[in-house]
Amino acid sequence: MSLARVLATTARVLNQVRHDHRTLGLLLLVPALLVGLVAWIFTDTPVFGRIGPAMIALFPFIVMFLVTSIATLRERRSGTLERLLSLPLGKADFILGYALAFGLLAIVQTGIAVGFAVWVCGLEVSGSLGLLFAVAIVDALLGTSLGLLASAFARSEFQVVQFMPAFVFPQILLGGIFLPRDQLPQVLEKIGDWLPLSHAIDALNAVARNDQDAGYIWLRIGFIAAWILAAIVVGSMTLRRRTP
Amino acid sequence: MDADTAAISITGLKVLRGKNLVLPGLDLLVPRGEVVGLLGPSGCGKSTLMRAIVGTQIISGGDVKVLGDTAGSPALRRRVGYMSQEAGIYDDLPVAANLNYFAKILGAPPAQVAAVIERTGLGSVARSMAADLSGGQRSRLSLAIALLGSPELLVLDEPTVGLDPVLRVALWELFAELAAEGVALLVSSHVMDEATRCDRLILMREGEIVAQETPGSLLERTGTDNAEDAFLALIRAAQEPGTDTPHVPKHRAGSEEA
């Protein structure tokens, strides 16, 4: 692994996004607007106060997953990935370069979404705003790393698109948004307890209600971070220099 | 030329794609410091062979040695330049930014970027987005990237396809220049009349090498005056068992043989 090559890759990816104004705009604003839409739908009801934190976990996560997996898919199709893998670029350099670039974008994107939810839509946060940002950003990084894993694992464009429902939807269904996890059938509850998005939702709810101590929140951040690390390691292992 | 001094030395290379044996056991020696043309119809296995040499192709058997190392080994990644048939460039970056990125990955000095832009004649479009380039300019950008890092071996898959004749000549002159500097070049083409520009020819058909020799000796041996006819003559000879020397094709009767 080489820091210079990681940073060169990060700079290149950010440079590509910078040249595409529409993508940049969509990337930064769509999650905030979706949160705003949910707040609007539930005007004059207490619902947004209840599900608002989960929405902050959901939208940046999905958007980052999609953007990252499509970006690496484009590398595959344009032949740039094959070229890069014939050069002295480590597989981890490639994955980390992407993780860092989209991680930075995720931070800005989540910052906008959280700010919009709190200051424009009036989401009530009883706990620390700093912790809310921290959880939301780790959550968006989770979307990035799982997107990288999906596209490193995929062998074709169709497969990448299919990984979106396969990787993301179960986490949404079992994360406790539709039904609190302790009311799920026991097997599903256990599975949900091991999925990273569940912990992001738990942590954001806890910060908003301020009914847990900081240790509870940091434990969940640590759990998500372990998933991020694992996804990046497995992603760089499944990327193949030689293809059929 | 023996296996140790050769730029590329292949024995018994087998590549399976699905259930098809694309390369059924191929042997090849390519010397250094020459422009070697790899000619053959589309689908004969040229690109597969090139990917095996670069080390991006899964092979099911045989031994591929490049510059004394096993193909695809980490040490070779900065010594071999590769241009595939897909352009392998970033459409949403300017030409110079494309080159800068690959130069950083290779650890090539930044001054080399300007040098390869000059050599491939991309000076006038250096600031344009790669997406706005013409087909010929795209393939020259791809070639420029392959030239970065001063590789000892260049593997170029159809670098002249779609170029106008003037540019094509200029590129072949560039290849000869590079060979004179000691670079080994393996250049594929399905256009037979580019054969005479090479120092050595490899003719491929259906995953097998039909001939490997200099253009002059190929034409002499087959009694033809161009690579296309020589290719046909060799195939006919192979289809007639018991003959050692190929027949001269008759469709040009009355011209040279007279």
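Predicted model: local features only at pLDDT ≥ 70, side-chain atom pairs only at ≥ 80, totals over all residues.

Visitor: What makes helix 1 of chain A roughly antiparallel to helix 2 of chain B?

Guide: Look at the angle: helix 1 (residues 3-18) of chain A and helix 2 of chain B pack at about 165°, with their axes 9 Å apart. Angles over 145 degrees count as roughly antiparallel, so helix 1 of chain A gets that label against helix 2 of chain B. On the chain A side the contact includes A:Ala4, A:Arg5 and A:Ala8, and on the chain B side B:Ala97 and B:Tyr101 are among the residues.

Visitor: Which part of chain B gives the most to the side that touches chain A?

Guide: In all, 24 residues of chain B are in contact with 23 residues of chain A. Helix 2 (residues 95-106) of chain B gives the most to chain B's side, with 5 residues. That side of chain B has 12 nonpolar, 6 polar and 6 charged residues.

Visitor: Why is helix 6 of chain A called roughly parallel to helix 10 of chain A?

Guide: The axes of helix 6 (residues 129-153) and helix 10 (residues 214-238) of chain A come within 8 Å and cross at roughly 20°. Angles under 35 degrees count as roughly parallel, so helix 6 of chain A is roughly parallel to helix 10 of chain A. Their contact has 21 nonpolar, 3 polar and 1 charged residues. Helix 6 of chain A also passes helix 10 of chain A in a left-handed crossing.

Visitor: How do you know that the span of helix 5 of chain A agrees with what it should be?

Guide: Helix 5 (residues 91-120) of chain A has 30 residues, and at 1.5 Å a residue they should span 44 Å. The end C-alpha atoms of helix 5 are 42 Å apart, so the two values agree. Just after helix 5 of chain A, A:Gly122 takes a positive phi of about 70°.

Visitor: Is B:Asp164 buried or exposed, and why?

Guide: Count its neighbours: B:Asp164 has 9 C-beta neighbours inside 10 Å. The cut-off for exposed is 12 or fewer, so B:Asp164 counts as exposed. You'll find B:Asp164 in the loop between strand 7 (153-156) and helix 5 (165-180) of chain B.

How values were computed
Residues numbered from 1 in each chain as written. Chains lettered and ligands numbered in written order. Helix = DSSP H or I, 4+ residues; strand = E, 2+ residues; numbered from the N terminus. Buried ≥ 20, exposed ≤ 12 C-beta atoms within 10 Å, placed from the backbone. Expected span 1.5 Å × (residues − 1). Contact = placed C-beta atoms within 7 Å. Nonpolar A, V, L, I, M, F, W, Y, C, P; charged D, E, K, R; others polar. Axes fitted to C-alpha atoms, helices over the stretch in contact; angles between N-to-C directions. Parallel < 35°, antiparallel > 145°, perpendicular 65-115°, else oblique. Left-handed = near helix turned anticlockwise from the far one by under 90°.
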